[in-house]
Amino acid sequence: MLEITNLKARIGDTEILTGLTLEVNRGEVHAIMGPNGSGKSTLALVIAGHEDYVVTEGSVRYMGQDLLSLDPEERARIGLFLGFQYPVEIAGVNNAYLLKAALNAKRRTQGQPEVDAFEFLKLAREKMALLDMDPALLNRGVNEGFSGGEKKRNEILQMAVLEPRLAILDETDSGLDIDALKAVAKGVNSLRDPDRAIVLVTHYQRLLDYVEPDFVHVLSGGRIIRSGDKSLALKLEEKGYDWVREAASA
Amino acid sequence: MNSTAIDTALLERVVGKLPGDTLTPFRLEALRRFSETGFPTTRHEDWRYTNLAPIIEVSNLWLRDAASGPAEIRVDDAVTKYAARLASQIDAYWIVIANGMVQMDSLARLGEHALRRLDAISVASDNLMQPVSAEEPMTRFNTALLRDVLRVTIRAGDALDKPLGLLMIDDASDGASISQTRVIIETEPYSRAQIIEYHASTGDNPLFANAVTEFELARGAAVDYVRIQNRDPAHFQAGKLMVRLRRDSRLRHSAFDLGGGLIRNDLDVDIAEPGATVELYGLYLASGRQHIDNHTRIDHRVGPAASTEEYRGILSGRSRCIFNGKAIVHKGADGTDARQANHNLLLSDKAEIDTKPELEIYADDVKCSHGATVGQLDKSAVFYLRSRGLDRDEATQVLTRAFAATIVGKSTVQAVHNHVESLIDHRLQTLAGGLS
């Protein structure tokens with residue numbers, strides 16, 4: 001589904017991704033872990049199409065297409081979803097409006113009929129109940145005045161409504177209390193599907209107690225230096241990142 | 001023709017031709033004082049950015065016609081049609097003032113319910129004595145040529161079931177036209193009302209509309225006021241609203257400048273007694289070569305009292321806007337809380353905004369803040385929306401609209417929301433031409 005080969009990317013004069021290779025197949029859940037500054041968020045933003053990052057080498061293919069040649073909105077419409085580490089507050093743009101516009105943009109591209117207001121509300125309320133979210137948040141400005149936990153749940157709500165083929169969740173677990181973490185994990189688990197792939201970008205092992213990954217990768221210095229199964233995450237939690245780095249450079 | 005000053009000899013002849021009535025002594029006094037100064041020039045600090053030459057030119061054209069022709073004010077059918085269309089869009093008790101003359105048929109249509117809760121009188125028609133102020137050149141010019149005054153009193157007790165609408169409409173179908181509109185609004189203690197002041201114009205010739213409103217909020221009165229300026233893009237306006245607030249009164253004023261060629265608005269708020277609350281909101285949208293100048297002044301004469309002000313602007317093309325917000329906290333006005341903000345979105349690098357908050361504080365125990373921003377749309381918000389599948393144009397449109405919608409949401413006069421929102425949507429489509 002997603003094939004990243006020798007990806008190099010920079011912002012300004014700083015090279016952040018230094019030759020990253022990763023393959024994600026449908027049905028799989030991958031966790032990408034790594035210390036601060038290792039390039040985790042950059043990887044997520046490059047895949048989503050952020051213009052501040054310039055890809056200097058390598059390729060990203062998604063469902064057989066050259067992802068890097070597409071605009072961010074085109075990527076979204078063919079089933080890519082990025083859950084932001086810092087969701088943007090947009091005063092004056094109704095949360096429900098954005099969700100519906102996003103859903104219908106995707107449906108148009110995929111040749112499906114648009115949903116009307118009634119169908120949309122039913123769907124949104126259903127997903128909000130799953131995430132234990134206050135339905136009133138639907139009528140607020142996008143993330144406007146939301147708490148940290150509400151913002152992250154709102155990202156998961158968008159994902160649940162948009163039903164992407166590939167979801168990349170950037171530090172969705174950071175800053176969450178245990179109840180919010182469980183609600184977010186429930187939302188993520190509900191989307192596990194043989195046709196869908198999920199990439200969890202995270203600093204801590206905590207989320208992985210609730211969402212069990214098939215593969216764990218360690219990102220350091222802009223590339224993946226070690227891959228393994230779930231037990232790798234536990235080992236990282238116990239021993240920190242240094243031993244992997246030492247092992248990689250040895 | 002000299003276009004840098006009003007031809008005062010012509011002005012004297014025109015004032016002299018006006019029929020003698022109870023306004024005559026005020027006209028003559030205002031004429032005398034106006035003749036000493038003429039219109040303000042850009043050498044005057046408050047008029048630095050707004051050159052009145054185009055307004056002076058129209059005024060001199062009109063004065064020449066008025067000095068030689070009949071002094072009658074004729075109301076075109078276009079005005080009647082406009083008023084009817086507006087009434088079908090905004091549900092309010094409408095009083096129509098056309099080219100400065102209160103339209104008696106609109107007073108007659110107010111109906112029993114409205115007239116139990118307010119008095120509305122055309123001073124000219126009732127031949128009433130109505131002292132009118134003439135403190136500044138533009139107001140003196142207005143007073144010198146005054147033909148009529150609308151005087152409204154809002155009664156205490158139950159509020160009207162709909163807003164009171166004042167349609168200030170001016171027609172330039174027959175040639176260059178200038179108009180002087182004057183409204184005096186009084187409120188009884190503890191009365192409440194929603195008031196809409198709507199500025200519109202018809203006709204293809206040059207037009208300068210000069211409107212002055214004097215407004216006093218009595219003790220405990222609460223008024224939500226909306227000013228909508230939706231003039232023809234070729235027409236000019238100078239509008240002034242002078243408000244005085246008595247003890248514990250509350251004013252929420254929302255101003256929307258969505259049309260006009262050369263527009264200058266002055267909003268003067270005088271907090272005369274303690275306990276008053278003032279909220280001023282404004283939105284101006286400018287494209288092409290539009291020039292929109294908003295000057296607000298809040299005099300905190302006593303405390304405690306609170307004023308909040310937020311104006312927003314969206315500019316494209318080669319338009320130019322000015323925001324000048326002055327707050328003066330006078331000696332002894334302790335317990336004053338004055339906050340002010342002005343945010344601008346520039347959609348073109350040829351558009352210009354001059355924003356200037358001015359705070360003068362002569363009291364000790366005060367809280368004051370001000371801030372101004374000028375910029376483009378938040379890039380991270382654009383990317384966020386695009387990452388959800390909205391294309392770049394759609395994201396830009398949504399965010400621009402949201403920037404404006406914040407100000408619409410501040411007004412509690414629900415009756416105007418749909419109308420204002422559709423005017424904004426329509427204007428934003430024009431402004432989008434300046435995006436690239």
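These legends describe close-up views of a predicted model. Local features need pLDDT of at least 70 and side-chain atom pairs count only at pLDDT 80 or more, while totals for chains, interfaces and linings use all residues. Residues are numbered from 1 along each chain as its sequence is written, and chains are lettered from A in the order in which they are written.

**View 1. The open sheet of chain A.** Four strands run in the order E2-E1-E4-E5, with antiparallel pairing. Strands are DSSP runs of at least two residues, helices (H or I) of at least four, both numbered from the N terminus. Two strands pair if DSSP finds at least two bridges between them. E2 (14–24) and E5 (65–66) of chain A each have a single partner strand, so one side of each lacks a neighbour in the sheet.

**View 2. E1 beside E4 in chain A.** E1 (residues 2–11) and E4 (residues 54–62) of chain A pair over 7 bridges, in the antiparallel sense. Glu3(A) sits opposite Arg61(A) of E4(A).

**View 3. Helix H3 of chain B.** H3(B) covers residues 53–68. Its buried residues (20 or more other C-beta atoms within 10 Å of their own, C-beta atoms being placed from the backbone) include Ile55(B), Trp62(B) and Leu63(B). Among the elements covering the buried residues of H3(B) are helix H1 (8–17) and strand E6 (177–187) of chain B.

**View 4. Around Leu166(B).** Contact means C-beta atoms, placed from the backbone, within 7 Å. Beyond its neighbours within four places in sequence, Leu166(B) is in contact with residues including Ile95(B), Ile97(B), Val183(B) and Glu197(B).

Methods: The expected span of a helix is 1.5 Å times one less than its number of residues. A residue is buried if 20 or more other C-beta atoms lie within 10 Å of its own, exposed if 12 or fewer, and partly exposed in between; C-beta atoms are placed from the backbone. Two residues are in contact if their C-beta atoms, placed from the backbone, lie within 7 Å.
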